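Hi,

Here is the structure I promised to pass on to you. Have a look at it first, and then read my notes below.

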Amino acid sequence: MAALLNSVRAFFTPQTFHIDQENPGDVVARENLLDRAMGAGRRRKSSEKLRVGRVPAEGLALVARDEDGHVIGTVRLWNVEAGISREGRAVDALLLGPLAVDAAHEGKGIGSALMRAAIAEATKRGHGAVLLVGDALYYERFGFFADKAQHLIMPGPFERSRFLALELKAGWLEGAAGLLVANGRRLSA
């Protein structure tokens with residue numbers, strides 16, 4: 001019900017934000033936003049093990065900015081190997097997260113706009129699938145479902161029902177099984 005109400009509010013609320021590529025000047029604002037939205041335990045999540053020491057996938061670090069240019073939302077996607085195929089080849093994919101919107105701007109459609117922009121950009125760049133750990137009721141509207149990730153596991157504790165996948169190319173994850181492993185560019189020292 002809350003998602004429905006937020007959708008109705010977003011429809012009637014004038015759009016006062018825009019989606020942009022993240023830039024180096026956004027780092028402090030993004031980290032502060034994530035700390036407020038996700039809490040102190042955000043760095044202990046299994047997804048974080050795949051992000052630590054890496055940079056986001058090329059062109060897939062997005063922010064929402066208000067009319068004054070302040071960061072009010074963020075989403076990033078990361079290169080991972082989603083197990084191996086039936087033939088024994090690594091299956092390239094993306095891991096989405098975290099997605100966060102400043103509490104003062106919730107209900108304006110910012111999270112949905114960030115998701116749609118991230119999916120569109122990942123598709124444009126030729127990626128085959130996106131995985132995430134999140135609320136199924138929220139992410140199903142974007143095409144994410146648990147059955148696509150049923151034979152994959154995260155490196156650490158995770159809730160199976162919250163481990164979701166979206167195939168950007170039909171059949172991309174078919175037969176994929178095993179552990180997610182980070183394979184993106186490393187953060188330079």
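Let's start with Gln15, which sits in the loop between α1 (2-12) and β1 (17-21). Helices here are DSSP runs of H or I with at least four residues, strands are runs of E with at least two, and both are numbered from the N terminus. Gln15 has a relative accessible area of 60%, so the residue counts as exposed. The cut-offs are under 20% for buried, over 50% for exposed and partly exposed in between, with a 1.4 Å probe and protein chains only. Gln15 and Glu67 are 52 residues apart in sequence, and their C-alpha atoms are 9.6 Å apart in space.

Two notes before you go on: this is a predicted model, where local features need pLDDT of at least 70 and side-chain atom pairs count only at pLDDT 80 or more, while totals for chains, interfaces and linings use all residues. Residues are numbered from 1 along each chain as its sequence is written, and side-chain values use heavy atoms, leaving out hydrogens and water.

Now for the inside. Which residues touch the most other members of the largest nonpolar core? They are Leu96, Met115, Tyr139 and Phe144, out of 26 residues in that core. A nonpolar core means buried Ala, Val, Leu, Ile, Met, Phe, Trp, Tyr and Cys residues joined through side-chain atoms within 4.5 Å. Two or more residues each come from β2 (61-66), β3 (71-84), β4 (90-96), α4 (110-124), β6 (129-133) and β8 (163-167). Helix α4 gives the most, with six residues. Apart from this core lies another one of 18 residues, including Ala82, Leu95, Leu152 and Ala182. As background, nonpolar side chains tend to be buried together in soluble globular proteins.

Take Met115: leaving aside neighbours within four places in sequence, Met115 is in contact (heavy atoms within 4.5 Å) with Leu96, Leu99, Tyr138, Tyr139, Phe142 and Phe144. Leu99 is in the loop between β4 and β5 (100-101), and is buried because its relative accessible area is 14%. Not counting residues up to four places away, Leu99 touches Met38, Thr74, Val75, Gly111, Leu114, Met115, Tyr138 and Tyr139. Pro98 has its place in that loop between β4 and β5 too, and a cis peptide bond joins Gly97 and Pro98, with omega about -10°.

Next, the aromatic rings. Rings of Phe, Tyr and Trp (its six-membered ring) pair if their centres lie within 6.5 Å; planes under 30 degrees apart are stacked, over 60 edge-to-face and the rest tilted. There are four aromatic pairs by this rule. Why is the pair of Tyr138 and Tyr139 edge-to-face? Their ring centres are 4.9 Å apart and the planes stand at 85°, so the pair gets that label. Tyr138 is partly exposed because its relative accessibility is 21%, whereas Tyr139, at 10%, counts as buried. Ring pairs link Tyr138, Tyr139, Phe142 and Phe144 into a cluster.

Finally, Leu50 is in helix α3 (residues 46-51) and is buried, with a relative accessible area of 4%. Beyond four places in sequence, Leu50 touches Val80, Leu95, Met154, Pro155, Leu180, Val181 and Ala182. Leu50 and Asp102 are 52 residues apart in sequence, and 24 Å apart from C-alpha to C-alpha.

Cheers
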